[in-house]
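Please read each point alongside the coordinates.

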Amino acid sequence: MFIVSLTYTAPLSDVDALLTAHAAWLKQAYADGLFLASGRKVPRDGGVILARGERAALEARLAQDPFAKGGVARYDIIEFAPSMVAPGLESLQRA
């Protein structure tokens, strides 16, 4: 499982210009089963994505993000193996 931390590297106006395309990209990654959760950081200086799968596939997908292509975000990837989860989230231990 992976935590992807996005940090905006451009003004929010530049980020917002790509937001519709970014949302479509996110929806496709959910449909493909790669992403588990995502959302904005508070304060709004980036975002977070929880993902599963292989690191190479995740890196390839992140490179296709309109935010990456537009040069408005940096991505930090943290891999971890959940050893404990809340009831109902057991599938994350196999993500």
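1. Helices (H or I, at least four residues) and strands (E, at least two) are DSSP runs, numbered from the N terminus. The model is predicted: local features need pLDDT of at least 70, side-chain atom pairs count only at pLDDT 80 or more, and totals for chains, interfaces and linings use all residues. Residues are numbered from 1 along each chain as its sequence is written, and side-chain values use heavy atoms, with hydrogens and water left out.

2. The UniProt record, an unreviewed entry, assigns "domain: YCII-related" to residues 1-80; its positions are given in the numbering used here, feature names are shortened, and annotations may be inferred rather than shown by experiment.

3. Four strands form an open sheet in the order 2-3-1-4, with antiparallel pairing (two strands pair if DSSP finds at least two bridges between them). Strand 2 (35-40) and strand 4 (73-79) are the edge strands, each pairing on one side only. On average, neighbouring strands of this sheet are turned by 15° against each other, direction ignored. Axes are lines fitted to C-alpha atoms, for helices over the stretch in contact, and angles run from 0 to 180 degrees between N-to-C directions.

4. Seven bridges link strand 1 (residues 2-8) to strand 4 in the antiparallel sense. Within this pairing, L6 has Y75 of strand 4 as its bridge partner.

5. Two helices lie across the sheet strands. Helix 3 (residues 55-63) lies across strand 1, strand 2, strand 3 and strand 4, and runs at about 165° to strand 4.

6. H22 belongs to helix 2 (residues 19-31). This residue counts as buried because its relative accessibility is 8% (buried means under 20% relative accessible area, exposed over 50%, partly exposed in between; 1.4 Å probe, protein chains only). Leaving aside residues up to four places away in sequence, H22 touches L6, D65, P66 and F67, where contact means heavy atoms within 4.5 Å.

7. R61 sits in helix 3. Its contacts, again not counting residues up to four places away in sequence, are W25, Q28, A29, D32, L34 and F35. The side chains of R61 and D32 are joined by a polar contact of 2.7 Å (a pair of N or O atoms within 3.5 Å; within protein, one must be able to donate a hydrogen and the other to accept it, and residues adjacent in sequence count only if both atoms are side-chain atoms). The C-alpha atoms of R61 and L26 are separated by 9.8 Å, at 35 residues apart along the chain.
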